[in-house]
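Open the model in your viewer and keep the selection panel at hand. The stops below say what to select and what is there.

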Amino acid sequence: MANRPGAAWAFESAPWVASRAARAVTEQITAWRLPAPEGTGDVVKFLVRTAVADGGRRISVHVSEQNRLVLVLALSHRPHPAPLDPAVLTRLHRLGPRGCGSRATADGRETWAIIDTAA
């Protein structure tokens, strides 16, 4: 996220935070004077629920923008999470992001999506 507009939030790892995170990301996109495409909230909620499913004590959501593309990333903060079911990315892709992916890191699982605000 270096050298790009960005924001991040830390949340308790609980199912109810998905809506709160979706609202925060949508408000941030709007603050950048970009349109939040229909379905943005659904993508964010899915990312958050995926992070919560890892079973950590907290999660974080990060968002950055470049050339009208918005990267939204949820981090589970649970080291060595169980392998991600490949169907998760298939379901995420069906929600409409331009791209998506996931990887396990020493800090937890990162699951991300790229939202095209120009579409």
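How many bridges join E1 to strand E2? Select E1 (6–12) and strand E2 (residues 58–66): seven bridges join them, and the two strands run antiparallel. Helices (H or I, at least four residues) and strands (E, at least two) are DSSP runs, numbered from the N terminus. Two strands pair if DSSP finds at least two bridges between them. Now pick phenylalanine 11; the bridge partner in E2 is isoleucine 59.

Before going on, note that this is a predicted model, in which local features need pLDDT of at least 70 and side-chain atom pairs count only at pLDDT 80 or more, while totals for chains, interfaces and linings use all residues. Residues are numbered from 1 along each chain as its sequence is written, and side-chain values use heavy atoms, with hydrogens and water left out.

**The sheet**

Show all the strands. They form an open sheet of five strands in the order E1-E2-E3-E5-E4, with antiparallel pairing. Strand E1 (6–12) and strand E4 (99–105) stand at the edges with a single partner strand each, so one side of each has no neighbour in the sheet. From one strand to the next, the twist averages 15°. Strands of a sheet pair through backbone hydrogen bonds, either parallel or antiparallel.

Move to E4 and E5, which pair in the antiparallel sense over seven bridges. A hairpin of two residues joins E4 to E5. Select serine 102 to find threonine 111 of E5 opposite.

**Helices on the sheet**

Select helix H1 (residues 17–31). H1 lies across E1, E2 and strand E3 (69–75), and runs at about 170° to E1. Axes are lines fitted to C-alpha atoms, for helices over the stretch in contact, and angles run from 0 to 180 degrees between N-to-C directions. Next, H2 packs on the sheet and touches E2, E3 and strand E5 (108–116), with its direction at about 175° to that of E5. Contact means heavy atoms within 4.5 Å.

In helix H1, select glutamine 28. Apart from its neighbours within four places in sequence, glutamine 28 is in contact with Ala7, Trp9 and Val63.

**Helix against helix**

Show H1 with helix H2 (residues 40–53): they pack at an angle of about 135°, with axes 8 Å apart. H1 and H2 are therefore oblique to each other; angles under 35 degrees count as roughly parallel, over 145 as roughly antiparallel, 65 to 115 as roughly perpendicular and the rest as oblique. Residues to pick in this contact include Val25 and Ile29 in H1, and Val44 and Val48 in H2.

Then show H2 with helix H3 (residues 86–94), where the packing angle is about 165° and the axes are 10 Å apart. That makes H2 roughly antiparallel to H3. Select Val43, Phe46, Leu47 and Thr50 in H2, which meet Val88, Arg91 and Leu92 in H3.

**Last stop: a salt bridge**

Select aspartate 54 and arginine 109, whose side chains meet in a salt bridge (2.9 Å, N to O). Aspartate 54 is in the loop between H2 and E2 and arginine 109 is in strand E5, 55 residues apart. A salt bridge is a side-chain nitrogen of Lys or Arg within 4 Å of a carboxyl oxygen of Asp or Glu. The whole structure has three salt bridges.
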